[in-house]
Structures are given as C-alpha cells and as structure tokens.
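The sequence and model come first.

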Amino acid sequence: MADLALRGIPDELHRELKAAAERNHRSLNGEILSRLAASIRPAPVDAVTLLARIERRHRELGPIALDEAALRDLRGERQP
C-alpha cells in the first residue's frame, strides 16, 4: 500500500474530520480513506428501490399539467 501525506489542512477542516471519525467509530486516517474512496467510487444505484421512490413521489404529487403559458412562466419568459 502506498502512503500519502497531507499538508496544509485548515484547523477547522481537521476538527470536522476528527469529529466525523469519532461519530463513525473510525480513526482519522480511516475516515479520510473512506471519504476519498466514496468520492471516487460512487455507491451503486439500486434500480428497483429508485423506481419505487419515483412511483411513490409521482402518486404523492399527482398529475402535473403544464401548458405553453406555464412553461413560459417557468422559463421566466413573459408574453405580452
């Protein structure tokens, strides 16, 4: 495994990382590695769960009718 040194970490960021590490029951190094890995390797999307959330939101919102005038308003275009 390679080693990497970080320099010039602002004090506030260091405090926030240490606090996050404690909350997540990790070492400071473990917290930084976890966050770095998550930023490079995003979590896989569960398509079934995502579709269920979309369907539930669609039911909650109900039908949305957008006519030409409503679309112009949303775009900030005013018709005289």
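Arg 57 and Glu 60 sit three residues apart in helix α3, so about one helical turn separates them. Both residues are exposed (over 50% relative accessible area; buried is under 20%, partly exposed in between; 1.4 Å probe, protein chains only). They form a salt bridge, defined as a side-chain nitrogen of Lys or Arg within 4 Å of a carboxyl oxygen of Asp or Glu. Helices are DSSP runs of H or I with at least four residues, numbered from the N terminus.

This is a predicted model: local features need pLDDT of at least 70, side-chain atom pairs count only at pLDDT 80 or more, and totals for chains, interfaces and linings use all residues. Residues are numbered from 1 along each chain as its sequence is written, and side-chain values use heavy atoms, without hydrogens and water.

Of the 15 residues of α3, the number buried is zero, so the helix lies largely in the open. Just after α3, Gly 62 has a positive phi of about 75°.

The salt bridge count is six. Among them are these:

| Salt bridge | Closest N and O atoms |
|---|---|
| Glu 12 with Arg 15 | 2.7 Å |
| Arg 26 with Glu 31 | 2.9 Å |
| Arg 57 with Glu 60 | 3.7 Å |

Glu 12 and Arg 15 both lie in helix α1 (residues 11-23), three residues apart. Glu 12 is partly exposed, at 43% relative accessibility.

Arg 26, Glu 31 and Arg 35 are linked in a salt-bridge network. Glu 31 is buried at 1% relative accessible area. Arg 26 is partly exposed at 37%.

How values were computed
Helices (H or I, at least four residues) and strands (E, at least two) are DSSP runs, numbered from the N terminus.
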